[in-house]
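Welcome, and please open your viewer. We will go from stop to stop, and at each one you will hear what to select and what is there.

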There are 4 protein chains.
Amino acid sequence: MSGRKKLHSEMGWSTVDRIVVRGHDLPNELIGRISLGDMAFLEIVGRRPNEKESELFNAILVTLVEHGMTPQAMATRLINMAAPEAIQGAVAAGLLGVGSVFAGGSEQTAKILQEALKDRTAQSLSIDKLAADIVETHVARKAVIPGIGHPLHKPVDPRTPVLFGIAERTGFSGDYVALLKAISQGAERRLNRSLPINATGAIGALLCELGFPWRICRGVVVISRAVGLVGHLAEEMRNPLAREIWERAEAEVYENKD
Amino acid sequence: MSGRKKLHSEMGWSTVDRIVVRGHDLPNELIGRISLGDMAFLEIVGRRPNEKESELFNAILVTLVEHGMTPQAMATRLINMAAPEAIQGAVAAGLLGVGSVFAGGSEQTAKILQEALKDRTAQSLSIDKLAADIVETHVARKAVIPGIGHPLHKPVDPRTPVLFGIAERTGFSGDYVALLKAISQGAERRLNRSLPINATGAIGALLCELGFPWRICRGVVVISRAVGLVGHLAEEMRNPLAREIWERAEAEVYENKD
Amino acid sequence: MSGRKKLHSEMGWSTVDRIVVRGHDLPNELIGRISLGDMAFLEIVGRRPNEKESELFNAILVTLVEHGMTPQAMATRLINMAAPEAIQGAVAAGLLGVGSVFAGGSEQTAKILQEALKDRTAQSLSIDKLAADIVETHVARKAVIPGIGHPLHKPVDPRTPVLFGIAERTGFSGDYVALLKAISQGAERRLNRSLPINATGAIGALLCELGFPWRICRGVVVISRAVGLVGHLAEEMRNPLAREIWERAEAEVYENKD
Amino acid sequence: MSGRKKLHSEMGWSTVDRIVVRGHDLPNELIGRISLGDMAFLEIVGRRPNEKESELFNAILVTLVEHGMTPQAMATRLINMAAPEAIQGAVAAGLLGVGSVFAGGSEQTAKILQEALKDRTAQSLSIDKLAADIVETHVARKAVIPGIGHPLHKPVDPRTPVLFGIAERTGFSGDYVALLKAISQGAERRLNRSLPINATGAIGALLCELGFPWRICRGVVVISRAVGLVGHLAEEMRNPLAREIWERAEAEVYENKD
């Protein structure tokens with residue numbers, strides 16, 4: 001094994017009478033003394049959040065938990081019908097839909113914001129100039145600008161002002177939020193239609209304000225959705241819908257076979 | 001569609017300007033007003049937890065988040081190396097290991113406790129009699145009794161007394177906890193070795209005390225582990241270990257091929 | 001690393017100019033010289049099948065590929081809609097439904113047949129006596145007997161006689177098939193209703209005849225279903241159904257919210 | 001349901017005594033009369049392959065089945081250790097690693113070849129001009145050119161000439177193969193190093209020759225890897241490696257914790 005990189009991790013370790021997680025004694029310093037949302041912050045960032053970080057981070061996590069009868073929730077319920085003895089598989093099936101279409105918005109928003117503001121430091125550009133550049137680049141490529149616009153919630157996504165209000169109160173309404181607002185306003189002018197900041201966009205900006213690298217943003221969505229999908233499983237156990245959804249689709253496909 | 005069951009769900013719905021989750025207005029009643037752990041309780045149970053339920057449920061969730069370099073964490077890291085553009089898949093891969101060996105203990109413990117105490121009501125048996133029956137049945141089948149014993153943490157799993165302390169303080173140390181304690185003591189006497197209540201066993205009993213059906217217990221473990229696996233992904237992004245783990249195994253297999 | 005087990009695997013290895021799989025030179029002995037079905041046999045069993053084994057094993061694999069609009073196919077299509085950039089996740093989501101309800105039959109059938117015939121050698125029991133015991137044990141527990149009965153295909157599952165015909169022609173209609181036939185006939189007499197051997201039951205018996213341990217039988221189903229789910233993805237790309245299935249369910253749930 | 005799109009699928013349907021897959025009677029026309037590889041072609045393309053298509057398609061599928069102790073195989077083995085009762089989850093975990101790093105090459109190669117040759121028809125460009133443009137575009141962006149180069153197999157990937165030989169013999173060595181060869185040669189000249197066509201690149205080109213849209217190419221890889229991962233599971237059941245791999249990593253992480 002000479003010449004090999006040593007395996008080193010700060011996540012946790014155990015001995016006969018101790019269990020340590022992220023440098024904290026699990027039984028004596030964490031269990032009963034930290035909430036699940038704060039524990040998620042500790043796991044990802046490596047330290048406990050302060051009160052303001054905790055308030056904002058839990059607000060973000062809560063926003064993403066539940067969106068009704070999504071394709072992901074339906075996949076979880078269908079797989080539970082087929083393999084009820086292995087519900088980890090049902091949750092995993094639904095989580096696999098945390099992809100580009102429904103949940104990639106936070107990641108993509110965080111990515112363009114972080115890349116733009118990194119360049120800005122180097123080139124001392126104004127927020128408005130950065131926003132205008134991002135809008136023009138996307139319009140030229142006929143590409144969707146991440147984080148703005150919503151098929152249903154117009155002219156305002158009702159989650160966004162609440163999230164931004166919490167950010168302001170907790171001191172996390174900085175350049176990332178300002179840039180995303182400038183992008184939304186610039187795009188609305190340029191394209192002459194309603195393009196409000198949607199909830200996933202707002203969350204992308206707020207995770208930037210909290211210092212999260214854009215690559216982990218989708219992981220935050222995954223945590224929230226895991227909670228929501230377990231909620232759907234619990235309802236499916238009380239009131240099964242999957243069989244009905246399946247039988248209708250199968251019957252209709254069979255009728256239309258000719 | 002005549003004769004078909006109607007699809008009905010209480011998880012949530014949206015209109016142009018409203019988003020409702022479990023009967024609560026998401027932006028105005030939940031975001032910023034409920035923590036992630038309490039949101040998980042709301043999703044599964046259908047109502048917000050009171051303060052005592054919140055304290056106990058968050059303690060349970062926090063206990064299960066992180067266990068160091070587990071097989072699940074390794075699978076998540078290996079899949080992230082192979083498909084870094086789809087981290088939902090990496091988390092899902094690890095969650096698929098929330099199975100019988102490492103995480104089924106809570107579910108199995110909750111199942112035997114709920115089945116025993118349901119019978120008890122009908123037959124007015126004492127806790128001690130129920131415990132003795134469970135121990136004998138398992139010993140006769142040479143089956144492992146769920147919820148007791150630990151390969152490393154002896155003679156006490158340090159998480160168990162902390163969890164049971166919280167249960168007592170919050171008023172959730174009832175018959176399920178009493179029965180599991182009686183099982184542990186009975187098994188130690190019967191088999192003449194140390195068989196302390198382990199953390200997954202304690203959690204199984206406490207989820208019973210909170211009124212959770214045993215079938216959803218593994219879902220609670222899945223929520224916690226999703227948090228932990230995203231933590232491992234965040235570390236893997238900063239300090240990659242998966243390639244080293246893979247290259248060592250591949251090299252050794254190739255050396256031993258003859 | 002002293003005292004550690006050496007990692008040894010016979011699956012395959014590579015050098016600069018060689019790639020060896022299961023002891024065969026991949027480019028020169030396998031590519032273009034072995035079919036996918038035979039390759040699956042080589043991977044699982046460790047040697048190429050002879051012609052008769054190949055005929056039977058491919059027949060088994062082909063039987064399980066496609067069953068129309070199953071819950072698994074629907075989950076694959078729904079996840080593809082949500083994450084079209086990661087189709088490995090869509091296939092994985094569907095495969096997670098290869099569980100006890102729809103696909104566990106082969107595994108369970110193989111298990112009871114292998115356990116019964118292992119005992120038989122020790123106790124020199126007749127096939128009929130073994131079958132009668134299995135039927136009685138299940139009836140006493142009110143348990144479903146694996147491998148027999150079908151909700152739709154009565155009084156005969158049309159796949160079964162074809163599979164058994166191939167088994168006879170190829171010399172693989174031995175004690176496992178005889179025992180399953182005796183179970184089906186015994187159960188029909190005992191319960192006085194039509195309980196024909198279904199396709200998954202037949203396949204369980206035939207995998208026993210081919211020498212497969214029961215624990216790997218579900219893996220054979222997984223291989224076939226992977227083929228079928230990729231077929232559904234290809235159709236979904238040409239003719240998307242997932243969005244329609246989702247939007248109907250969501251709309252109905254929203255209508256019924258009160 | 002007025003105004004709704006009808007659900008229509010050509011995958012398959014059943015009645016009491018018939019099972020039809022892709023327009024063929026499953027028991028009477030497919031089982032025992034088609035191999036697994038040809039069945040995969042039927043599922044994806046909608047018709048049976050002719051002899052030449054069958055030869056090439058099976059060669060492609062066989063190439064991708066097994067690559068030794070890959071990260072995907074390790075993930076499958078680790079998840080099997082943790083959840084041995086649900087092996088569909090273990091296979092799914094490994095398949096989730098069929099992503100950009102190890103298996104995206106076929107998809108990406110097929111995409112650039114199909115896009116280039118579609119443009120060509122419109123603009124009547126030569127193969128060499130198309131290849132030169134592709135090389136220059138990638139060099140300018142400092143991007144890796146898909147389908148060429150290999151970390152181990154130099155100066156030739158031994159699978160490529162075998163696959164191209166079969167393509168020539170079966171009449172499938174057309175413009176896609178010619179373009180990929182021109183890209184490889186052009187890139188070697190331009191960058192002055194060995195950049196042979198690798199196996200995933202060759203397969204991307206050959207799937208184009210068979211008429212597969214690039215978006216389904218990763219699905220073909222998924223089918224092959226499902227076979228290989230079930231092979232690893234079968235070996236893991238006979239000769240478990242996962243626990244050893246896990247315990248070493250855990251022990252080393254614990255040693256290095258300070």
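Before the first stop, one term: contact means that heavy atoms lie within 4.5 Å. The model is predicted, so local features need pLDDT of at least 70 and side-chain atom pairs count only at pLDDT 80 or more, while totals for chains, interfaces and linings use all residues. Residues are numbered from 1 along each chain as its sequence is written, chains are lettered from A and ligands numbered from 1 in the order in which they are written, and side-chain values use heavy atoms, with hydrogens and water left out.

**Stop 1: chains A and B**

The size of an interface is often given as the accessible area lost when the parts come together. Now pick out A:Ile31, A:Leu36 and A:Gln88: they supply 10% of the area that chain A buries against chain B, more than any other three residues.

Next, look for charged partners. A salt bridge is a side-chain nitrogen of Lys or Arg within 4 Å of a carboxyl oxygen of Asp or Glu. How many salt bridges does the rule find across the interface of chain A and chain B? There are 4. To view a salt bridge, select A:Glu244 and B:Arg4, whose side chains meet at 3.7 Å, N to O.

A polar contact is a pair of N or O atoms within 3.5 Å; within protein, one must be able to donate a hydrogen and the other to accept it, and residues adjacent in sequence count only if both atoms are side-chain atoms. Chain A and chain B have 21 residue pairs in polar contact, both at pLDDT 80 or more.

Helices (H or I, at least four residues) and strands (E, at least two) are DSSP runs, numbered from the N terminus.

**Stop 2: the rotation axis**

Keep both chains in view. Copies are superposed by least squares on the C-alpha atoms of residues with pLDDT of at least 70 in both. A rotation of 180° with 0.0 Å of shift along its axis places chain A on chain B, with an RMSD of 0.0 Å. The two copies are thus related as by a two-fold rotation axis. Which residue of chain A comes closest to the rotation axis? Select A:Ala92, whose C-alpha is 2.4 Å away.

**Stop 3: a buried aspartate**

Go to A:Asp157, in the loop between helix 7 (127-140) and helix 8 (159-170) of chain A. Is A:Asp157 buried or exposed? Buried means under 20% relative accessible area, exposed over 50%, and partly exposed in between (1.4 Å probe, protein chains only). A:Asp157 counts as buried because its relative accessibility is 0%.

Show the side chain of A:Asp157: it makes a polar contact with the side chain of A:Arg159 at 2.8 Å. A polar atom of the A:Asp157 side chain also lies 2.9 Å from the backbone nitrogen of A:Ala199. Beyond its neighbours within four places in sequence, A:Asp157 is in contact with residues including A:His150, A:Pro196 and B:Ile19.

**Stop 4: helix 5 of chain C**

Select residues 87-95 of chain C, which form helix 5; 9 of its 9 residues are buried. Among the partners of these buried residues are helix 5 (87-95) of chain A and helix 11 (217-238) of chain D.

**Stop 5: chains B and C**

Color chain B and chain C. Here 19 residues of chain B are in contact with 19 residues of chain C. They bury about 1800 Å² between them, 60% of it on carbon and sulfur atoms. Between chain B and chain C the count is 0 salt bridges, and 6 residue pairs are in polar contact, both at pLDDT 80 or more.

**Stop 6: two backbone details**

Select B:Lys154 and B:Pro155: the peptide bond from the lysine to the proline is cis, with omega near -5°. Finally, select C:Lys142, where phi is near 55°, a positive value in a residue other than glycine. C:Lys142 is exposed, with a relative accessible area of 80%.

Technical notes: Buried area is the accessible area (1.4 Å probe) that two parts lose on being put together, summed over both.
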